[in-house]
Amino acid sequence: MDATDIKIILSAIQYKSFSKAAEEISYTPSAISHIADKIEKELGVKILVRTPLGISLSKEGEALYD
């Protein structure tokens, strides 16, 4: 995980959507999802909850975000 990955995930969290963040930073939603998966794997916890309506922080994600 590098600083760029973190900025991308923070953007997705801000917009509560991979699609909206992707539009803003010129990535594809799929690329952002893969970055999120990579970060979660490195941390060993799920930080995002994905739903058809968007994304939100998991309890573990909230703890890390604070």
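**Chat: helices, a hairpin and a pocket**

Reader: Let's start with Ser-58. Does it count as buried or exposed?

Author: Ser-58 counts as buried, because its relative accessibility is 8% and the cut-off for buried is under 20%. Keep in mind that this is a predicted model.

Reader: Where does Ser-58 lie?

Author: Ser-58 sits in the loop between S2 and helix H4, and H4 covers residues 59-65.

Reader: Which residues does Ser-58 touch?

Author: Residues up to four places away in sequence are not counted here. Ser-58 then touches Lys-46, Ile-47, Leu-48 and Val-49.

Reader: And what does the side chain of Ser-58 reach?

Author: The side chain reaches the backbone nitrogen of Gly-61, at 3.0 Å.

Reader: You mentioned S2. How do S1 and S2 pair, parallel or antiparallel?

Author: The pairing is antiparallel, over four bridges. S1 is residues 48-51, and S2 is residues 54-57.

Reader: Which residue in S2 is the bridge partner of Leu-48?

Author: That is Leu-57.

Reader: What joins S1 to S2?

Author: A hairpin does, through two residues.

Reader: New topic: H2. Which of its residues are buried?

Author: H2 runs over residues 18-25, and its buried residues are Phe-18, Ala-21 and Ala-22. These residues lie on the same side of H2, because they cover an arc of only 105° around the axis.

Reader: What does the face turned away from that buried side carry?

Author: That face of H2 carries the exposed residues Lys-20, Glu-23 and Glu-24.

Reader: What caps the N-terminal end of H2?

Author: Ser-17 does. One of its side-chain oxygens lies 3.2 Å from the backbone nitrogen of Ser-19.

Reader: And which residue follows H2?

Author: Ser-26, and its phi is positive, near 60°. Ser-26 is a residue other than glycine. It lies in the loop between H2 and H3.

Reader: Ser-26: buried or exposed?

Author: Ser-26 counts as exposed, because its relative accessibility is 68% and the cut-off for exposed is over 50%.

Reader: What about Lys-16? Where is it found?

Author: Lys-16 is in the loop between H1 and H2. Its phi is positive, about 60°, although Lys-16 is not a glycine. At 55% relative accessibility, Lys-16 counts as exposed.

Reader: Let's go inside. Tell me about Ile-32. Which helix holds it?

Author: Ile-32 is in helix H3. Its relative accessibility is 0%, so Ile-32 counts as buried.

Reader: Which residues is Ile-32 in contact with?

Author: Leave aside neighbours within four places in sequence. The contacts of Ile-32 are then Ile-8, Ile-9, Ala-12, Phe-18, Ala-21, Ala-22, Ile-25 and Tyr-27. The buried residues of H2, Phe-18, Ala-21 and Ala-22, are among those contacts.

Reader: Now Asp-5. Buried or exposed?

Author: Buried: Asp-5 has 8% relative accessibility. Asp-5 lies in helix H1.

Reader: Which residues is Asp-5 in contact with?

Author: Neighbours within four places in sequence are again left aside. Asp-5 is in contact with Ile-35, Lys-38 and Ile-39.

Reader: And Asp-37? What does it count as?

Author: Asp-37 counts as partly exposed, at 34% relative accessibility. It lies in helix H3.

Reader: How far is Asp-37 from Thr-4?

Author: Their C-alpha atoms are separated by 15 Å, and the two residues are 33 residues apart along the chain.

Reader: Last topic: the largest pocket. What is its volume?

Author: The volume is about 190 Å³.

Reader: Which elements give two or more residues to its lining?

Author: Those elements are H1, H3 and H4.

Reader: Which one gives the most?

Author: H1 gives the most, with four residues.

Reader: Which residues line the pocket?

Author: The lining includes Met-1, Ile-6, Ile-9, Leu-10 and Ile-13. Ile-39, Leu-43, Ile-47 and Leu-57 are also among the lining residues.

How values were computed: Residues are numbered from 1 along each chain as its sequence is written. This is a predicted model: local features need pLDDT of at least 70, side-chain atom pairs count only at pLDDT 80 or more; totals for chains, interfaces and linings use all residues. Side-chain values use heavy atoms; hydrogens and water are left out. Two strands pair if DSSP finds at least two bridges between them. Buried means under 20% relative accessible area, exposed over 50%, partly exposed in between (1.4 Å probe, protein chains only). The arc is that of the directions from the helix axis to the C-beta atoms. A polar contact is a pair of N or O atoms within 3.5 Å; within protein, one must be able to donate a hydrogen and the other to accept it, and residues adjacent in sequence count only if both atoms are side-chain atoms. Contact means heavy atoms within 4.5 Å. On a 1 Å grid over the protein atoms alone, a cavity is a set of points where a 1.4 Å probe fits but cannot get out, and a pocket is an open set with protein on both sides within 12 Å along at least five of seven lines; lining residues have an atom within 4 Å of a point. Grid points are joined across faces, edges and corners, and a volume is the space filled by probe spheres set on the points.
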